[in-house]
Amino acid sequence: MALEQIKMPQLGESVTEGTIEKWLVSPGDHVNKYDPLAEVNTDKVTAEIPSSFTGVIKELIASEGDTFAVGEVVCTIETEGGATESAPAEETKEETKQEPQATQTQEKSPSSAPAKMERPAGAGRFSPAVLKMAGEHGIDLNLVDGSGKEGRITRKDLQKIIDSGEIPQAKATSAVEEKTQEAPKSAPAAQAPAAPKQDIPTMPGDVEIPVTGIRKAIAANMLRSKHEAPHAWTMIEVDVTNLVSYRDSIKTEFKQKEGFNVTYFAFFVKAVAQALKEFPMMNSMWAGDKIIQKKDINISIAVATEDALYVPVIKHADEKTIKGIAREINELAGKVRAGKLKSEDMQGGTFTVNNTGSFGSVQSMGIINYPQAAILQVESIVKRPVIMDGGMIAARDMVNLCLSLDHRVLDGLVCGRFLARVKEILENMTKENTSVY
């Protein structure tokens, strides 16, 4: 028999860690290659870890709720093959190799604070997740006794310390201790501190709702966006009377022919994609010492369920027709609600368009979908009296477009011109000059 390791996979291009939401197996269970072992939550997606081997589950190293860095071992499997006795030596080698790999991955991602932290003595034995947890809570790892293999410090060791409220901290009397205390300061500002538990008094009838892994991931991403990106906001009013008339005139025939609805939202996404092509600066991201202007126009759209918000991506939206965009909106929303959204469906977004109007909202200020530079909220279409040319008053279909922007990347001039162009495209979407095919 041989002992093989299952490691935390990278479930997205900028994902550096995942949280074990639920184990689907137990020690002693026989599994086949590719069988799902656990459900994992990241800040991008919920997915399953597949088995890389056929064999028997030996040990579940991670507990439900534990967060592991990409590349860390989460469980072991006994397979037919070499001698089991050689496994500990191999495991030690893997532990030595893991951290440089994790560091390499994390340095490519703005979210990877632990990779750049100064490490205390013996830090070669500390996983990235342990370093991150210690930095967030000010724990001096030199004063912690580890319960893991060969005295290795685990997240469980740190969690026990945190729960006890007795945090071992360096007294700044030695060079080693000074380095330990300085380590959290060397992390990038993007690494938001862990939210402390709030001592909120409860009354009879109050309901406590546990925070799920995906809700924690959403909260962390939103907090990071607000902490790191200086948000600015602007709004423009658009007359979409012609668009509404055109869409309403074709919606029944379109549904009968194509089998899905052509929504107003598809027209808005098409207009935004066209304007992004003309104003590529809007399709950019902040990268610290430079701004990355993305070539592909990939529109993220927000899809809500009862307990979470997902942001799947319409790839190359500028190359698609209104029909093609409407099809993808329908398919992606269906995947979200059926729980079949894959990690690749969430990757590569460069600009977000949010259909807040579906809830009746007429004005809102969105939080930017990090690391993008802007998010556009499409509000509810409402009939309002408008003064037309010549002084006549007419009932028109009006909509507000609300843009939140990262002021490090974008300024009012380019955003104003971009919104004006979106307005021009939408107000000229008529049956005569616009095709959905």
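1. The secondary structure of this chain, taken from a predicted model, comes to nine helices and 19 strands. Of the 437 residues in the chain, 46% are buried, and the chain exposes about 22,400 Å², with carbon and sulfur atoms supplying 51% of that area. Among the contacts with a separation of 6 or more, 65% are made by residues 24 or more positions apart.

2. Helix H6, which covers residues 241-258, has 18 residues and reaches 25 Å from its first C-alpha to its last, close to the 26 Å expected at 1.5 Å a residue.

3. Which residues of H6 are buried? They are Thr241, Leu243, Val244, Tyr246, Arg247, Ile250, Phe254 and Glu258. In an α-helix, residues three or four places apart point the same way, because there are 3.6 residues a turn. The buried residues of H6 pack against strands E9 (231-239) and E19 (393-406), and also against helices H7 (264-278), H8 (322-338) and H9 (412-427).

4. Elsewhere, four strands form an open sheet with antiparallel pairing, in the order E5-E4-E2-E7. Strand E5 (46-50) and strand E7 (67-69) stand at the edges and have a single partner strand each, so one side of each is left without a neighbour in the sheet. On average, and with direction ignored, neighbouring strands of this sheet are turned by 45 degrees against each other.

5. Within that sheet, strand E2 (residues 17-23) is joined to E7 by three bridges, the two strands running antiparallel. Gly18 stands opposite Phe68 in E7.

Terms used:
Residues numbered from 1 in each chain as written. Predicted model: local features only at pLDDT ≥ 70, side-chain atom pairs only at ≥ 80, totals over all residues. Heavy atoms only, no water. Expected span 1.5 Å × (residues − 1). Buried < 20%, exposed > 50% of the residue type's maximum accessible area, 1.4 Å probe, protein only. Contact = heavy atoms within 4.5 Å. Areas by Shrake-Rupley, 256 points an atom, 1.4 Å probe, with all protein chains shown as cover. Pairing = 2+ DSSP bridges. Axes fitted to C-alpha atoms, helices over the stretch in contact; angles between N-to-C directions.
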